[in-house]
Amino acid sequence: MRRIVALIVAVSFLFTLPIGYVFADEEDVRAFILGDGSAFSVLSSKEGEKALSIAGLSRLLTILIISEAFDNGEINPAATIKISADAANIKGSTAFLKKDESMSAENLFKAAVMISAGDAIYALTEVLVPDRNAFISRLKSRADALDVDFAIDDALSSGALVSATAIYKVAIALVKSQSFLKFSGLYMDTLKHENAGDTELVNPNKLVKTLPGCIGLATGSSIEALYCGVYAVRRGEMTVIVVIIGAKNAAEREKSAAKLAESAFTTYKKTLFYNPGDIVAENVEVSGGIIRKVNLIIKDEASVLVKKSEKVEAKVNFGELIAPIATDIAIGNFTCVDETGATILTIPIYPDNDVEFCSFWDCIVRFAVQFCGFIEFG
């Protein structure tokens, strides 16, 4: 029988929730999500799982892949990129790039992040993965890893019907990208063209200028989708993400997003349990292994937003460890449960060492070494 080991931490908050607080007027938008920006945890929502037209927000998954490529060095910011005819012909929000003009990867990325410029995004995808089918496969793989449902038919996921929850998950990943954050909070900048003057980049996300702590993300609009946006707001150690789909106009979109964000900072408080790499259990026995004990670590931040009046219970759960075990295979999880018993956070935990199975010969050698340790030679 497997032994379940639980480390229980009870956390109490002695604050009062504002009485009668309303998160948002649900008639204003078709769908919304208010969630934790550090880990997937929905605080409030309307039609969060319904697939809807989202206008230019469909480009966010591609922007995420490009951002991560800058983070890990796949794309060199100083590289010079020649604009293809396909990139120059992209419609919608663009940076007015011309066929055969050259521009640095960093400047293209700035346009991609600030205004979701389709021509700049497409040019960067051509450098990252030149084959279009291969890039679409990469998009689908990233969507699968995020557990999001995107109808991906081209490099920009044009026309995809996507839920607010899926956009929220992509946004969580984006705010972890330092390359993305370098430009996402800018309101205005200039893109210098090779031979045709400048393009003024004005972030359509007005909240980066008007809402304290807004670090960006993206907006979009169309006749079908109406006005959509996703916003990240960071104050101190707490980050929240708001997704708005189907607002009546830009002003209502920003109003609803700001109202939701402010409600989160008024109502919730962040509790941090572990930082990435922290040990969550020490000297745990491993049966049948060459190494007898390992520490268990958490690779992601373990934090949660809870109402200031609520208690939460946190646990580290794992069973008996039997060799072989590996550092890249989870052997348990960290969970956080609210007062109703609902799990509001689950993060995998891992051993800090690979442990191979101890063979019969390994056991004999180990016994011999231990036995000789008791013999004194003189």
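**Thr125**

I started with Thr125, which is found in helix H4, residues 118-128. Helices here are DSSP runs of H or I with at least four residues, strands are runs of E with at least two, and both are numbered from the N terminus. The model is predicted, so local features need pLDDT of at least 70 and side-chain atom pairs count only at pLDDT 80 or more, while totals for chains, interfaces and linings use all residues. Residues are numbered from 1 along each chain as its sequence is written, and side-chain values use heavy atoms, with hydrogens and water left out.

Is Thr125 buried or exposed? Thr125 is buried, because its relative accessible area is 0%. Buried means under 20% relative accessible area, exposed means over 50%, and partly exposed is in between, with a 1.4 Å probe and protein chains only.

I then listed what Thr125 touches, leaving out residues up to four places away in sequence. The list is Thr62, Ile66, Pro130, Arg132, Phe135 and Ala155. Contact means heavy atoms within 4.5 Å.

**Ala155**

I followed that list to Ala155. Its place is in the loop between helix H5 (132-146) and strand E7 (161-162). Ala155 is buried too, at a relative accessible area of 6%. Beyond four places in sequence, Ala155 touches Thr62, Tyr122, Thr125, Arg132, Phe135, Ile136 and Leu139. I also looked up Glu126, which is 29 residues from Ala155 along the chain. The C-alpha atoms of the two are separated by 9.4 Å.

**H1 against H4**

Next came helix H1, residues 60-71. The axes of H1 and H4 come within 10 Å and cross at roughly 55 degrees. Axes are lines fitted to C-alpha atoms, for helices over the stretch in contact, and angles run from 0 to 180 degrees between N-to-C directions. H1 and H4 are therefore oblique to each other. Under 35 degrees counts as roughly parallel, over 145 as roughly antiparallel, 65 to 115 as roughly perpendicular, and the rest as oblique.

The crossing of H1 and H4 is left-handed. That means the near helix is turned anticlockwise from the far one by less than a right angle; clockwise would be right-handed.

Which residues make the contact? From H1 I noted Thr62, Ile63, Ile65, Ile66, Ala69 and Phe70. From H4 I noted Ile121, Leu124, Thr125 and Leu128. By class, the contact has eight nonpolar, two polar and no charged residues. Nonpolar covers Ala, Val, Leu, Ile, Met, Phe, Trp, Tyr, Cys and Pro; charged covers Asp, Glu, Lys and Arg; the others, Gly among them, are polar.

I turned to helix H6, residues 164-174. Eleven of its eleven residues are buried, so H6 is largely enclosed by the rest of the structure. Lys169 is one of these buried residues, and Tyr168 is another.

How do H1 and H6 pack, and at what angle? The angle is about 20 degrees, with the axes 10 Å apart. H1 and H6 are therefore roughly parallel to each other. Their crossing is left-handed. Leu60, Leu61, Ile63, Leu64 and Ser67 in H1 meet Ile167, Val170, Ala173 and Leu174 in H6. I sorted this contact of H1 with H6 into eight nonpolar, one polar and no charged residues.

**Loops and backbone**

I checked the backbone next. A cis peptide bond joins Ala323 and Pro324, with omega about 5 degrees. Pro324 lies in the loop between strand E18 (321-322) and strand E19 (332-337).

Glu47 is not a glycine, yet its phi is positive, near 50 degrees. I found Glu47 in the loop between strand E3 (42-46) and strand E4 (52-53). Glu47 counts as partly exposed, at 44% relative accessibility.

Asp100 also has a positive phi, about 75 degrees, although it is not a glycine. Asp100 sits in the loop between helix H2 (85-88) and strand E6 (102-104). Asp100 is partly exposed, at 40%.

Gly92 has its place in the loop between H2 and E6. Gly92 counts as exposed, at 63% relative accessibility. Its C-alpha atom is 6.9 Å from that of Gly118, 26 residues apart along the chain.

**Whole chain**

Last, I looked up the totals. The protein chain has ten helices and 20 strands. Buried residues make up 50% of its 378 residues. Among contacts between residues at least 6 apart in sequence, 64% join residues at least 24 apart.
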